[in-house]
Amino acid sequence: MAPIIQVPVEHTFNILENVLKKRTYITRVLKEREEQMPSGEDYDQMEVNLDNEPFLQPLDADDTKASIYYARQKWTKYPPQTYTLVDQIMLTKDRYCKHRHLGNWRTAIRKKNCGKGKMMLFLHWICKTSLASRRRPGSKRSLHTYWRDFKMLYRRVNGEYVDANDRHEVVKYIDGTLKVEFKLRTTSKPKPVAGPDDLLLMLVQHWARDESVFPTEDDRHDVATIMLFQAYTGGRPAEFVHASKGKASEDPLGEREEANKNAHPRKATHYNHDEDSDADIDGETECDDDSNADDSPGSDDDMIFDSEDDRSDDGAADEDMDEYSGPDSGYNSDKTDVTMTEDTDKCYTTEFDECGEPLRHNLDAAKPSEFEEAKRKYKALCYEDICLWIVQNPKRGERDLLAMEVHLQNHKGVDNKPKPTTFLFRENPLAILCPISHILTRAIRDNVVLVDGYTSAEPFFATDLGSQNVKAMKVHWKPEWLKQPVFRRSVWTTNGWVKSTTEPMAYSKYAFYLNRLGRDAGFEDKLTSYCFRRGCANAIDGKASDAVRDQVMRHNPFTGVFNEAYNNQAVRFNVQDAYLESDITDDGLTRAFTHMSIRCNPGAPKELKAATKSLEDELEAEHRKDYFFYIHNEMMKRQLNRPLNGTVVEDGAEPVIEHQLEERTQLQLVLCDLSKDLSPQAIVARKISAVNLQIALASRKELMTRQPRSAPTCKDPLKEEYPICAPAPTPALDPFPPASKFPLVCEKTQCVFCVGNESLSYWQRTRKFRRVSHMWDHVENIHLRDVQAEQRIICHHPVCKAEGLILDGVILFKNHVATVHEVHLRPNVFPR
């Protein structure tokens, strides 16, 4: 029998009092609604109004609004007469109505003015200006997507569908005339599938071999956690991070934009392309197949491009997202963390206090009233979606187990057909593959556990529910964190990058990290989030029923989405042996050739520098393609010239990556220990060590450096499947050295901001610049860049920071640093 726990009387009294208050509030609201009940005459007038309303605008999802927005931008962009001639030409070349002198775009798209000929020529113009301007042939699928988006725009303006006969004729025009004239591609891009070996290879690369620098080590941890979630759930990236459409989802028909132009006409004689323009995003992104809109009454001429079900989502979504994920390295030239959306004006902003530190916002979401439930601000995975349990082990005498429920609800089409899905996660013996360990790290790092005392991994693995005859115990999060994103972005402050408490990580950022990881690991195919989604779908197929597979993938039943968009292009069966009626051999070749890692070569070129980003991408793509072509030819030549006496030439030892942070050096030893033949106590100890080291690493960050991080090779590398050559474990870490270790008087080339930055290692905090001028540039361009002359600044030196010393303005701060710390900063302060 479970023990009886007495709840404090005061707590029970407060709960019951709140229930009564809420009931009183709801009763008052209901009475107000009754008083506002329309009369019979009001309903008569409402009926007349609805009868006279020719078309009710549907409540579109953000993806649908974005598709309509970009279709409208392609159809027209009416430039004011005050623009310069050059600006008008730049706009005219990409805007159809202006190009053909059709006048106002709304008038041009009206049913009486927009016949099938104009629709066909619009698609012809798209091919001529957008698809043909690329350095490779356009895709017929992309053109179908433009046609789908145009139909949605047509319906919103005219209040009716495009004529059925016209739709058929336009589709024939695309599949015939345009396909032949512009040599449109009909083949789809490769759709690589990431299997378990690929996932493990990428995680080892991510934790142990990756030389790239993240804004904070929290980001490194979050990327690994999202990868595990995607692999185990098949979720789309928008279910975990924020996929913003910017202003494209706010005003798809441009009504507010036109109202603002009429109310505030432009007086400028120069057009700023960064403010009002569309940035000419002519790629697949603006034809995002993640839209779940259906704007046809079910005709079959649109194939999979206008279907209400999920058929059009993932086939083109991969092509769309892959091609235009964007060059977002996390370190922009101005040291700001700008999310890459189509609208550069809608970048996320972070407020700072008078000392230059990020304001800790009230984590409670906005509440209209005391008794109404708070609403989420972003569509991303939040803490209320994760339920962590400590469960009594069914095997007597063994330790309790950790289990985790993850509730995913932000899937594609959630606004119209919600399919909430809950996944159950169990512990994995390998910490690198255990999502519970990763979430435990994030929860401890954010300090979201409601009960005090659970600030490390040990208490979670040391429970004994059997002694209290309790079967399960739920870990509650703090109420103010329930609606906050689990994976959040890093923001820039005067003291460096810090993790935001409220703003989620952007999908563009996560996509960039994945692409960089796959490139650095040496994969021939581009690594995208859909590689994990396809891997999950193929892993489930055949082992579970079709109903379970569709539930996991959030597909509508009996739609065939898996076979159309997710089934591995490489046949997962030994057809040769089956045809010969011989025993089906399990030689491992089928598994190897249906996944990505067999085409992985760590020696593949990483990146090339060029004048422009487009040229850089093109050079890098061709360089890597040539490398993978050349390397196989070279290996064939070496096979012809190999010794015939059976001598085995050992491979060279793998170079050691010397990490800046000792926490990461120790963590890679634990995470990359892939041995499973350990005792249960040793597995738990390894898992506890991994969580604690991940927490310690998340509080640190690496610095950008030009020095190579590959040290001389080890003489005796480990002969494992994923060899990691690293130094022996070091004693316990001292993550936060006391203030006494930092002298009050600093060297003249030291940065007083970096000295007080606890996220850096000790040698990074005490580093010295080669010249005083270099230190001056570093302080002015990094730490004081956005600080106003009269803004209050806190001295970040550990001694002054402990005393809470705040200086009133930049001049007083520099005088303080010069007199107390004897570091002379640049004397001239330019007005900001």
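Trainee: Leaving aside neighbours within four places in sequence, which residues is Lys140 in contact with?

Mentor: Keep in mind that we are looking at a predicted model. Lys140 belongs to helix 8, which covers residues 140–158. Setting aside its neighbours within four places in sequence, the contacts of Lys140 are Ile174, Asp175, Lys179, Leu184, Arg185 and Thr186.

Trainee: And how far apart are the C-alpha atoms of Lys140 and Leu184?

Mentor: Leu184 is one of the residues that Lys140 contacts. Along the chain the two are 44 residues apart, yet the separation of their C-alpha atoms is 5.3 Å.

Trainee: Does Lys140 count as buried or exposed, and why?

Mentor: The cut-off to remember is that buried means under 20% relative accessible area. Lys140 has 18% relative accessibility, so this lysine counts as buried.

Trainee: Let's zoom out. How many helices and strands are there in the chain?

Mentor: Of the 832 residues in the chain, 49% are buried. Among contacts with a separation of 6 or more, 73% come from residues 24 or more positions apart. As for your count, the chain has 29 helices and 10 strands.

Trainee: Is helix 10 roughly parallel or antiparallel to helix 11, and why?

Mentor: Two packed helices are described by the angle and the distance between their axes. Here the axes of helix 10 (residues 196–209) and helix 11 come within 11 Å and cross at roughly 175 degrees. An angle over 145 degrees falls in the antiparallel class, so helix 10 is roughly antiparallel to helix 11.

Trainee: How do the residues of that contact between helix 10 and helix 11 divide into nonpolar, polar and charged?

Mentor: From helix 10 come Leu199, Met202, Leu203, His206 and Trp207. They meet Arg220, His221, Val223, Ala224, Met227, Leu228, Ala231 and Tyr232 in helix 11. Sorted by type, the residues of this contact are 10 nonpolar, two polar and one charged.

Trainee: Now the rings. How many aromatic pairs does the structure hold, and how is the pair of Phe229 and Phe240 arranged?

Mentor: The structure holds 18 aromatic pairs. In the pair of Phe229 and Phe240, the rings lie 5.8 Å centre to centre, with 5 degrees between the planes. Planes under 30 degrees apart count as stacked, so this pair is stacked.

Trainee: Which parts does the pair of Phe229 and Phe240 tie together?

Mentor: Phe229 is buried at a relative accessible area of 0%, and Phe240 is buried at 0% as well. The two are 11 residues apart in sequence. Phe229 lies in helix 11 (residues 217–233) and Phe240 in a loop, so the pair ties together helix 11 and the loop between helix 11 and helix 12.

Trainee: What about Tyr627 and Phe628: how is that pair arranged?

Mentor: Both Tyr627 and Phe628 are buried. Their ring centres are 5.6 Å apart, with 85 degrees between the planes. The class for this pair is edge-to-face.

Trainee: Which residues do ring pairs link into a cluster?

Mentor: Here the ring pairs join up into a group. The members of the cluster are Phe122, Trp125, Trp147, Phe150 and Tyr154.

Trainee: Which ring does the charged end of Arg516 sit over?

Mentor: There are a couple of spots to look at. Lys741 lies over the face of Tyr762, at 4.7 Å from the ring centre. The charged end of Arg516 sits 4.8 Å from the centre of a ring, and that ring belongs to Phe214.

Trainee: Where is Arg554, and is this residue buried or exposed?

Mentor: Arg554 has a positive phi near 60 degrees, in a residue other than glycine. Its place is the loop between helix 18 (546–553) and helix 19 (561–566). With 1% relative accessibility, Arg554 counts as buried.

Trainee: One last stop: how far apart in space are Arg399 and Val684?

Mentor: Arg399 sits in the loop between strand 1 (386–391) and strand 2 (401–408) and is partly exposed, with a relative accessible area of 26%. Beyond four places in sequence, Arg399 touches Asn393, Glu427, Phe461 and Val684. Arg399 and Val684 are 285 residues apart in sequence, and in space their C-alpha to C-alpha distance is 9.5 Å.

Definitions and conventions
Residues are numbered from 1 along each chain as its sequence is written. This is a predicted model: local features need pLDDT of at least 70, side-chain atom pairs count only at pLDDT 80 or more; totals for chains, interfaces and linings use all residues. Side-chain values use heavy atoms; hydrogens and water are left out. Rings of Phe, Tyr and Trp (its six-membered ring) pair if their centres lie within 6.5 Å; planes under 30 degrees apart count as stacked, over 60 as edge-to-face and the rest as tilted. Helices (H or I, at least four residues) and strands (E, at least two) are DSSP runs, numbered from the N terminus. Buried means under 20% relative accessible area, exposed over 50%, partly exposed in between (1.4 Å probe, protein chains only). A charge sits over a ring if NZ of Lys or CZ of Arg is within 6 Å of the ring centre and within 35 degrees of the ring normal. Axes are lines fitted to C-alpha atoms, for helices over the stretch in contact, and angles run from 0 to 180 degrees between N-to-C directions. Angles under 35 degrees count as roughly parallel, over 145 as roughly antiparallel, 65 to 115 as roughly perpendicular and the rest as oblique. Contact means heavy atoms within 4.5 Å. Ala, Val, Leu, Ile, Met, Phe, Trp, Tyr, Cys and Pro count as nonpolar, Asp, Glu, Lys and Arg as charged, and the others, Gly among them, as polar.
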